[in-house]
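Thanks for coming. I will take the contacts one at a time and keep to what the coordinates give.

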Number of protein chains: 4
Amino acid sequence: MNDKHKHILEAAEQLFAEKGFNGTSVRDIAGAAGVNIAMISYYFGSKENLMIALIDYRSEYTRDILEEMNNNKMLTPWDKIEKLIDLYVDKILNNYRFYRIMTLHLATSQSDEIREKIIEIKAGNFELIKKIILEGQRKNVFRKIDMELTIGTVMGTIAQVTSSRSLYCKLLKIDIKDDDGYRKKMTLKLRTHLKQMLKAHLHIQNT
Amino acid sequence: MNDKHKHILEAAEQLFAEKGFNGTSVRDIAGAAGVNIAMISYYFGSKENLMIALIDYRSEYTRDILEEMNNNKMLTPWDKIEKLIDLYVDKILNNYRFYRIMTLHLATSQSDEIREKIIEIKAGNFELIKKIILEGQRKNVFRKIDMELTIGTVMGTIAQVTSSRSLYCKLLKIDIKDDDGYRKKMTLKLRTHLKQMLKAHLHIQNT
Amino acid sequence: MNDKHKHILEAAEQLFAEKGFNGTSVRDIAGAAGVNIAMISYYFGSKENLMIALIDYRSEYTRDILEEMNNNKMLTPWDKIEKLIDLYVDKILNNYRFYRIMTLHLATSQSDEIREKIIEIKAGNFELIKKIILEGQRKNVFRKIDMELTIGTVMGTIAQVTSSRSLYCKLLKIDIKDDDGYRKKMTLKLRTHLKQMLKAHLHIQNT
Amino acid sequence: MNDKHKHILEAAEQLFAEKGFNGTSVRDIAGAAGVNIAMISYYFGSKENLMIALIDYRSEYTRDILEEMNNNKMLTPWDKIEKLIDLYVDKILNNYRFYRIMTLHLATSQSDEIREKIIEIKAGNFELIKKIILEGQRKNVFRKIDMELTIGTVMGTIAQVTSSRSLYCKLLKIDIKDDDGYRKKMTLKLRTHLKQMLKAHLHIQNT
DNA sequence: CATGAATGAGGGTTCATTCAT
DNA sequence: AATGAATGAACCCTCATTCAT
């Protein structure tokens, strides 16, 4: 995995995010990366293997962050939720293209191997959040809530922001081409919104 | 728009939902609908026009329900939110294929015309919910919250359930092929979860 | 199987005979037949299926002749051998391209389906000749000989004439491009040679 | 021409015999020989040159044997025919891969240079046998027969056994993978059959 | 001397669409 | 009104070969 590999993966990532896997041709990728078409097969074997390599490439990063988060033993459950929201929102918005690709691929059937890989990763994230909430419930600070859908809400809200970007750009009057502006604004809004909502949702009310 | 048109649209809907727009060939659609390949071009002009026709076909239905909801003047803001959640969850889960297609299409660029159409519809839904929340805030029963992201949460949570179905089937141990079982279970869970969460999120706490 | 099918098959036959299966591209065939490249897939599904169709097309003819031969009950075993040589030499030299293709395909592995088909046909021919010789042996006019290799000799000699045509053209000083001249000369020579040789080989000597 | 050259040639020989020239890729050869892909071009210049080198490599061996045979002046014409059959059958069956390649290449056009080379070699063999038969005819022990086709029969019968191996394995119930078994059985059968048949064919009958 | 990296050309196949009937 | 036949364009991939190191 050298720099050229990464360069191709990043070109592919952008195109996959914009036009989907099937909407992107190997020629497009080669063109965007400035390499010969045959190079893609030479490096990755096939278009599908390139996709798998992309997932591996980006997931490394993800896994590291999640593990780091999980190992911190000094925090209260709510601290952890807040930290998780911060990290998670940052991570996803900074890799919004990749997350859009994952969501797109998960929704459509395509290759089983790829889908299994994505499910595995997402299921891992699920487990992490689940643990934190369960800990809070054991310590009697979190309510009993629908675990799967609460996590679905966190993921779904962030996913919504990445996959319906064009909608939000219109609603919030952000230039559709201003990647940075969108990311910065949304990072802040998401952090605040999710924390506020989850606090109300999770915390036992002290009447 | 005769019965044969509708039959083709419904076959296309299923395939688009399963394999995406680009992953579905006109041959596939013709095969599934049991009509001649040339028929699709003959009826709809092009594959893209078929997609637009599909959106129009399904959106009619959607718009009707939303307008009906909006016109009911007898309900409190929270009643409306609850009713909206019920209707919305039902509507989306019963048309999950179509919603998945919309989400997929919104995420990828594809044709501008189609994207604009989808944004227009989604923006309409946004406006509806916004009005209800604003009304609740005017009546001092709802808190000040991030309007766009609260609505994003509602939509995103439901979207999550439709687009990550294979993930949820795994987590909840539902047979991936049991469409009905998934829909019924998720309808209930979503209604309960969203109401509980939005109640905590929206309502001003009476200490 | 209309005229266009046959036209493509005959173009393919010539090219396969000249350059082999792998040496001939679908584009070559389409070009030679004067049809669109996509036509080959449209008509035959794949290049390999085209080969199978070609074998079927030519074998129909073969089977008819062999059955006709087999049903004639008026002839002595040696009459039958002579008749068989005549018919067989004619048939192969008039379809020398096809027979060359069969031999080429049988020698290399390629597709199992195709090879099995060819073996089946050749094995059928084997059985026919075997029956005639056995009948002659029962009637005490033919010697005990190596059945498989005697038939191999008949087939091999004819095959040699079709597959090593360029060698024979050189040896016999025939213009390599004079298809008709080669066929006529060789038909005569083969008939005479095989009959003379088999007579000496098969017939019990009356001392 | 060092050991590595020979190693590559032998790997190529096996693959060419199995899958034909066009059916074998340079990658396949490099893989089978355990060398770098670029090595083939580096050593032989091109795939076609490799083929020529292979023919040269194997033909050396062939020519030696044939010359040795030709120089033995102590034998009767029929002794020579018998010896020639023995040597020839052995030689071809022990190099059946190579002979199959030659036949394949002779049948298809491919490169003129290669075909000319093969014709030259085969024509040489022809001349050798021709000389022996002519000698027998001069001594009045051999009949007048079709010289070209009699030789064609010898070559064709052996060629048949090498090129239609899968057919004979089926007919004689030999395991297709048992190279040694096939070679041994066929060597014996061919020697006996060809001698018996040629004796009847060539010898003047003493009534 | 040997090779990993890279490439232009071409491979077979499928695509959405058109058109004569 | 409906369709079978046909097509140009594009698909992903593999080919034999080259070249800098």
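Predicted model: local features only at pLDDT ≥ 70, side-chain atom pairs only at ≥ 80, totals over all residues.

I start inside chain A. Where the two domains of chain A touch, 15 residues of domain 1 meet 15 residues of domain 2. About 1,400 Å² is buried between domain 1 and domain 2 of chain A, and carbon and sulfur atoms account for 69% of that area. Which residues of domain 1 of chain A lose the most area to domain 2 of chain A? They are Glu13(A), Ala17(A) and Phe21(A), which together make up 40% of what the domain 1 side buries.

Glu13(A) comes up again in the polar part of this contact. The count between domain 1 and domain 2 of chain A is one salt bridge. Arg58(A) and Glu13(A) form a salt bridge, with their closest N and O atoms 2.6 Å apart. Between domain 1 and domain 2 of chain A there are also four residue pairs in polar contact, counting pairs with both residues at pLDDT 80 or more. On the domain 1 side of chain A, α1 and α3 each supply at least two of the residues that touch domain 2. The largest share, nine residues, comes from α1(A). By class, that side of domain 1 of chain A has eight nonpolar, four polar and three charged residues.

Next, the interface of chain A with chain B. Here 49 residues of chain A are in contact with 49 residues of chain B. The buried area between chain A and chain B is about 4,300 Å², with 63% coming from carbon and sulfur atoms. How many salt bridges are found across the interface of chain A and chain B? The number is four. As an example of a salt bridge, the side chains of Asp146(A) and Lys189(B) meet at 3.1 Å, N to O. Nine residue pairs are in polar contact across the interface of chain A and chain B, both residues being at pLDDT 80 or more.

As for where the residues come from, the helices that each give at least two residues to the side of chain A touching chain B are α1 (3–19), α6 (96–107), α7 (112–138), α8 (147–163), α9 (165–171) and α10 (179–202) of chain A. The largest share of that side is from α8(A), at 12 residues. Sorted by class, the side of chain A that touches chain B has 19 nonpolar, 19 polar and 11 charged residues.

Now chain C with chain D. The contact takes 49 residues from chain C and 49 residues from chain D. Between chain C and chain D the buried area is about 4,300 Å², and carbon and sulfur atoms give 63% of it. There are four salt bridges across the interface of chain C and chain D. Lys189(D) and Asp146(C) meet through their side chains in a salt bridge, at 3.1 Å, N to O. Polar contacts between chain C and chain D number nine residue pairs, both at pLDDT 80 or more. On the side of chain C that touches chain D, α8(C) supplies the largest share, 12 residues.

Last, the DNA. Of the atoms of DNA strand E within 4 Å of the protein, 58% belong to sugar or phosphate, and the rest to bases.

Some phosphate contacts can be named. In chain B, a polar backbone atom of Val26(B) is 2.8 Å from a phosphate oxygen of DNA strand E. A polar backbone atom of Thr24(B) is 3.5 Å from a phosphate oxygen of DNA strand E. In chain D, a side-chain N or O atom of Tyr43(D) is 3.3 Å from a phosphate oxygen of DNA strand E. The elements giving two or more residues to the surface near DNA strand E are α3 (37–44) of chain A, α2 (26–33) and α3 (37–44) of chain B, α2 (26–33) and α3 (37–44) of chain C, and α3 (37–44) of chain D. By class, the surface near DNA strand E has 14 nonpolar, 10 polar and five charged residues.

That is all I have.

Technical notes
Residues numbered from 1 in each chain as written. Chains lettered and ligands numbered in written order. Heavy atoms only, no water. Contact = heavy atoms within 4.5 Å. Buried area = accessible area lost by both parts, 1.4 Å probe. Polar contact = N/O pair within 3.5 Å; in protein donor to acceptor, adjacent residues only side chain to side chain. Helix = DSSP H or I, 4+ residues; strand = E, 2+ residues; numbered from the N terminus. Near = heavy atom within 4 Å. Nonpolar A, V, L, I, M, F, W, Y, C, P; charged D, E, K, R; others polar.
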